[in-house]
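Please view the sequence and the model first.

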Amino acid sequence: MRVTAGRRDPEVGFYCDDCDRYSTWTPPFADGDDRCRHCALPNPPRAGKGPDGAGWPPVETLDECLQCGNLELYTRKDLPQQIGCAVVLSAVALSTVAYAVWDFPGAFAVFAAVAVLDFVIYRRIGSVTVCYRCHAEFRRFPANPEHRPFDMHRAEEYDVGA
Ligand SMILES: [Zn+2]
Ligand SMILES: [Zn+2]
């Protein structure tokens with residue numbers, strides 16, 4: 001897993017108001033960055049005053065959702081759920097095979113190896129900050145300690161309000 005130069009820059013991902021598909025832009029905001037890649041609908045950022053000239057948004061802090069201005073954001077590991085499941089399933093499958101072939105110590109060794117691999121991958125991937133309201137995603141912004149891991153109850157409040 002190599003990290004290319006551009007991969008280190010902050011990135012904003014948003015879901016289109018109209019077609020609900022995912023687009024991204026990288027700060028600083030430029031004209032047209034808010035256009036959906038799929039249907040070209042503008043999804044203008046509404047944080048603070050919105051884009052107010054060159055150099056917006058500031059990337060030193062992330063206090064509010066840049067897309068909708070919501071103040072409640074949460075953090076999670078930037079790992080698609082499917083990959084996590086695939087790792088666990090392959091660990092189970094591999095250790096089952098190993099059990100059949102080598103018996104218990106072999107199966108255990110395989111399971112341990114996959115667990116270590118899982119841990120290494122987990123440590124290497126970064127976190128993403130997500131908006132409770134519009135689900136916009138913010139990658140590689142400096143961590144804000146006020147953003148806590150996902151809270152189901154808080155998310156439900158938004159679902160009811162929507
Ligand atoms: Zn769209
Ligand atoms: Zn938002």
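**Overall form**

The protein chain has a radius of gyration of 20 Å, whereas a compact globule of 162 residues would have one near 15 Å; the radius is taken over C-alpha atoms, and the globule rule is 2.2 Å times the number of residues to the power 0.38. This is a predicted model, in which local features need pLDDT of at least 70, side-chain atom pairs count only at pLDDT 80 or more, and totals for chains, interfaces and linings use all residues. Residues are numbered from 1 along each chain as its sequence is written, while chains are lettered from A and ligands numbered from 1 in the order in which they are written.

**Dimensions and confidence**

- The C-alpha trace of the protein chain spans about 65 × 40 × 35 Å along its principal axes.
- Of the 162 residues, 14% are buried, a residue being buried if 20 or more other C-beta atoms, placed from the backbone, lie within 10 Å of its own.
- The mean pLDDT of the protein chain is 85, with 91% of residues at 70 or more; pLDDT is the predictor's confidence in each residue, from 0 to 100.
- Residues 1-5 have pLDDT below 50, and this stretch has 2 contacts in the model beyond near neighbours in sequence; a contact requires C-beta atoms, placed from the backbone, within 7 Å.

**Architecture**

- The protein chain contains 3 helices and 6 strands, which are DSSP runs (H or I, at least four residues; E, at least two) numbered from the N terminus.
- From the N terminus on, the order of elements is β-β-β-α-α-β-β-β-α.
- Domain 1 covers 64-76 + 127-162 and domain 2 covers 81-123; these bounds come from an automatic or database domain assignment.
- The centres of the two domains, taken over C-alpha atoms, are separated by 33 Å.

**Nonpolar core**

- The largest nonpolar core has 13 residues, and V12, C65, L66, L73, C131, A136 and F138 have the most contacts inside it; such a core is a set of buried Ala, Val, Leu, Ile, Met, Phe, Trp, Tyr and Cys residues joined through C-beta atoms within 7 Å.
- Two or more residues of this core come from each of β1 (11-15) and β4 (127-131).
- C65 lies in the loop between β2 (22-25) and β3 (73-77), and it counts as buried because it has 26 C-beta neighbours inside 10 Å.
- Leaving aside residues up to four places away in sequence, C65 touches A47, N70, L73, C131, R133, C134 and A136.

Technical notes: A residue is buried if 20 or more other C-beta atoms lie within 10 Å of its own, exposed if 12 or fewer, and partly exposed in between; C-beta atoms are placed from the backbone.
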